[in-house]
Amino acid sequence: MPSGWLLLLVLLIAALGYLAGRRRALASTGGRIRDLHSLPGAYGWNVALAVLIPSLLVLALWSALAPVALDRMVAPLMEGQEGEMSLLMSDVRRVAGGLELLGRDAVLDSEGLRDRLGGVGVALGEEVTPATLAAAQAYDRLQHRSRLLLDVLVLALALGAAAWAVRRTGPELRARNEVERSFLGLLVAAALVAIATTVGIVFALLFNTGKFFSLYPASEFFLGTTWSPSFGGGSTLGILPLAWGTLYISLISLLVAVPLGLLSAIYLSEYASPRLRAWAKPMLEVLAGIPSIVYGLFALLAVGPALLAVFGQGGFGIMQGGTAAITAGLVMGIMLIPFVSSLSDDIINAVPQAMRDGSLAMGATPSETIRQVVIPAALPGIMGAILLAASRAIGETMIVVLGAGAAASLSLNPFDAMTTITAKIVSQLTGDSDFNSPEALVAFALGMTLFVVTLLLNVLALWIVRRFREQYE
Amino acid sequence: MTDLPLDAAAGPRPAPRSLLEADPRTAARNRAEARFRAYGLAALLVGLAALVLLLGSILWNGFPAFTQTRVSLPVELSQAELDPEGTGDPAVIAKTSTFGFDDLIEAALAKAVVEAGIGTDLEPGDLADLLSSGAAAQVRDAVLADPSLVGQTVEFDLLASSRVDGYLKGRVTRESLADDRNLSPAHLDVVDALAARGAVSRGFNAAFILGADASEKRPEAAGIGVATLGSLTMMLVVLGLSLPLGVAASIYLEEFAPKNRFTDFIEVNIANLAAVPSIVFGILGLVAFIQFAGLPASAPLVGGLVLTLMTLPTIVIVTRASLKSVPPSIRDAALGVGASRMQAVFHHVLPLALPGIMTGAIIGMARALGETAPLLLIGMVGFVASNAPDGVLASFTSPNSAMPAQIYEWAKRADPAYYERAWGGIILLLVFLLLMNLGAVLLRRRFERRW
């Protein structure tokens with residue numbers, strides 16, 4: 001039975017259970033609701049939840065673990081090198097899927113099987129070997145058995161739970177309390193998704209980074225000054241040129257975004273008339289709502305050619321192509337303006353008015369007040385905002401993929417093409433390389449580095465901003 | 001302290017002057033004030049100018065993608081070529097490959113040029129460069145759909161090649177064709193003459209909005225429709241998962257969670273997840289959903305799951321804010337008449353917080369709609385979107401792309417005709433985002449309550 005049908009059947013049992021529980025509760029007091037502990041609906045929900053929670057849990061766990069267990073059981077049938085196993089197993093799985101379509105007992109030998117599988121829409125790279133066929137047949141048999149077992153188990157569990165919960169139903173059962181306890185459990189489970197996500201990220205990165213470092217020495221990765229992956233093997237994968245590109249482009253973007261964002265925030269909060277503020281602030285924030293792919297295209301097709309026209313061969317002659325660190329940095333700076341300005345705006349507004357009034361009363365001009373009283377008071381918060389913007393800049397992907405170029409270089413010239421950690425994660429994982437080669441696995445080490453750096457920046461920034469807020473509350 | 005008179009310490013007093021006249025120091029301070037103010041205004045104007053420049057270049061470069069040049073050409077579908085026996089059986093006609101139809105089109109084009117009285121040195125084979133290389137397939141499909149057309153001369157509206165399209169849109173000029181192997185200036189003379197006779201025309205390009213991606217050689221036939229479908233499917237997954245999960249998590253944290261280490265840990269986690277770079281979520285999706293759980297690569301279902309995890313923190317933060325804004329008196333009143341805490345939340349607090357939650361969900365989804373990088377890692381790259389999915393359920397699991405990934409794919413292709421498509425795709429993407437944000441604003445205006 002496909003799992004979709006199984007799911008529907010479980011839902012149906014739950015719905016029937018709801019009706020049965022409700023009915024039994026009402027019948028137990030002869031229809032007088034006031035003699036029940038809870039409202040009749042609560043008894044219904046009690047049965048429905050008793051059905052749903054265990055059977056869906058089993059269904060989910062089984063679906064997640066069965067493929068892994070099947071692989072374990074079938075893998076001994078195949079002989080292959082360490083690296084090939086995953087490819088061989090995916091062939092076996094594909095053939096097993098095809099066998100199911102052809103009819104389980106229709107195939108007896110591997111002769112001409114590839115064409116027959118092609119006929120039912122299962123495309124294979126090469127002929128099926130007898131060993132693969134045997135493994136696929138074993139896989140198919142085991143899978144069939146596992147599904148049957150799952151069907152029986154889930155249905156038995158659902159029906160058993162329904163019967164148990166209906167039998168318990170009576171005027172004494174504290175159905176509302178039980179239902180609410182289950183609901184609270186569901187709410188906690190939803191809150192745990194956040195932790196599960198973090199754990200998932202850390203494990204996904206750690207596991208594959210460990211694999212990478214077993215193939216490629218960590219010291220050469222962190223200290224290497226050349227980045228030249230070659231998919232045939234024998235690549236040099238040093239992170240330093242990428243880290244340099246990332247830092248340089250982020251620095252350019254901050255040089256654009258911080259002065260512009262900070263000054264606009266100051267102007268909007270201290271000088272602008274309410275009318276100007278009412279339309280200029282949302283307009284500026286439109287920049288923050290535009291997706292980064294749009295900025296990437298803007299960098300590649302508008303800003304890059306414009307810069308090239310001024311600084312390229314026709315002009316100053318210091319720029320070779322439209323994609324360069326300065327292109328990506330400028331555009332990323334524009335993207336970060338609203339980010340810096342709205343954060344600084346909040347922080348400047350949090351500085352108590354009394355400090356401004358005191359300064360103005362002493363005869364300082366508004367700009368002197370801002371420079372010598374407001375900004376120093378807001379400085380820690382502004383530093384936090386800049387760190388948050390820096391972490392955004394380091395993690396930004398599409399602008400640098402499209403605007404910064406592809407060559408990894410340790411150049412000081414902002415008009416040179418550079419590349420970043422994020423851009424290389426994309427190019428290493430979207431290429432055609434084997435997943436277990438160092439050239440693909442390096443992406444996880446890069447991702448790990450990126451994750452750790454942005455996490456530290458964020459934690460630091462959030463800590464600074466929180467301390468700053470507390471100071472004036 | 002000393003008893004010295006003040007003016008002895010400060011030196012000789014300056015001569016008394018009028019209060020209405022600023023002394024040099026005050027004037028300098030006032031000038032500094034004006035300068036500072038001007039810097040602020042200038043910074044604001046630069047930011048706004050960047051916005052205008054960005055939107056301007058999008059609209060300017062993207063609008064041409066919504067029109068497309070077509071050539072109307074009477075093609076003689078000769079019976080001798082297609083169906084010598086006169087069977088009228090589509091299976092017989094299908095034996096003629098698109099190459100066979102190429103010959104028919106070349107002949108028709110040569111005839112049209114001669115009839116128009118255009119003198120040209122181009123061979124019929126070269127003339128065919130005026131048309132999209134998909135033109136033969138278009139004619140073939142029409143004939144296979146209606147075999148009775150064989151033997152007649154039928155007027156077809158065929159896609160012009162991307163260079164011809166660019167010429168009529170002003171993107172391609174005679175000078176730019178000088179070192180172009182696809183088209184020569186001589187072709188443009190033919191185009192001019194045909195256009196003068198009304199055989200070449202520009203019309204609305206519905207295929208761009210609804211169609212599928214095309215191969216690298218045929219930018220004139222590429223559309224973003226299938227990728228849009230992929231994006232919409234993903235948004236359904238995101239809405240269906242992140243809204244219930246996010247609301248449930250927020251209710252727990254805001255209404256039930258005791259103040260302890262554990263809930264603090266959850267909160268720190270959510271705050272940090274909100275700032276994790278999106279590409280890291282892509283890595284998570286690749287490892288957890290595709291490698292570990294064995295879900296199909298490039299499937300909108302997986303994309304939706306990744307984007308769900310990404311938008312969850314946003315939704316939790318917004319939902320908690322709107323739950324917090326419901327005054328405690330509501331809860332107290334519900335508890336006072338005998339409701340349980342769960343009933344107070346689900347029957348009273350949640351409905352009152354709903355407009356704020358919906359606004360947050362829309363904003364989170366708008367962010368997810370424009371996200372590209374994680375989708376590239378799970379295989380939802382642009383060129384996948386070349387076929388429409390077979391059915392509603394299949395659209396969740398069969399390989400597809402998404403609007404931003406399609407735009408990225410076009411931006412990477414070498415042909416400048418694809419750049420126009422990429423800008424046009426951005427217009428569509430921004431229209432979707434604008435509609436979603438407008439919806440959020442309207443929702444807030446209509447239902448928001450101030451307590």
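In the predicted model, helix α11 of chain B (residues 225-256) packs against helix α16 of chain B (residues 341-369), the two axes coming within 9 Å and crossing at roughly 140 degrees. Because of this angle, α11(B) is oblique to α16(B). The crossing of α11(B) past α16(B) is right-handed. On the α11(B) side, the contact is formed by Ser231(B), Met235(B), Val238(B), Leu239(B), Ser242(B), Leu243(B), Val247(B), Ile251(B) and Glu255(B). These residues meet Val345(B), Ile357(B), Ala361(B), Gly364(B), Met365(B), Ala368(B) and Leu369(B) of α16(B). Sorted by class, twelve residues of this contact are nonpolar, three are polar and one is charged.

A helix pair in chain A was examined in the same terms. Helix α10 of chain A (residues 292-311) and helix α11 of chain A (residues 325-350) have axes 9 Å apart and pack at an angle of about 130 degrees. At this angle, α10(A) is therefore oblique to α11(A). Here too the crossing, that of α10(A) past α11(A), is right-handed. From α10(A), the residues in contact are Ser292(A), Tyr295(A), Phe298(A), Ala299(A), Val303(A), Gly304(A) and Leu307(A). Their partners in α11(A) are Ile326(A), Thr327(A), Ala328(A), Leu330(A), Val331(A) and Met335(A). The contact of α10(A) with α11(A) comprises ten nonpolar and three polar residues, with no charged residue.

The largest nonpolar core has 188 residues, of which Leu297(A), Val331(A), Ala389(A), Ala249(B), Ile283(B) and Ile407(B) touch the most other members. The greatest contribution to this core is made by helix α8 of chain A (residues 240-271), which supplies 16 residues. When neighbours within four places in sequence are set aside, the contacts of Val331(A) are Tyr295(A), Phe298(A), Ala299(A), Val303(A), Ile399(A) and Gly403(A).

The contact between the two chains involves 67 residues of chain A and 66 residues of chain B. Within the side of chain A that touches chain B, helix α6 of chain A (residues 175-215) provides the largest share, 19 residues. That side of chain A is made up of 48 nonpolar, 17 polar and two charged residues.

Note on methods: Residues numbered from 1 in each chain as written. Chains lettered and ligands numbered in written order. Predicted model: local features only at pLDDT ≥ 70, side-chain atom pairs only at ≥ 80, totals over all residues. Axes fitted to C-alpha atoms, helices over the stretch in contact; angles between N-to-C directions. Helix = DSSP H or I, 4+ residues; strand = E, 2+ residues; numbered from the N terminus. Parallel < 35°, antiparallel > 145°, perpendicular 65-115°, else oblique. Left-handed = near helix turned anticlockwise from the far one by under 90°. Contact = placed C-beta atoms within 7 Å. Nonpolar A, V, L, I, M, F, W, Y, C, P; charged D, E, K, R; others polar. Core = buried A, V, L, I, M, F, W, Y, C linked by C-beta atoms within 7 Å. Buried ≥ 20, exposed ≤ 12 C-beta atoms within 10 Å, placed from the backbone.
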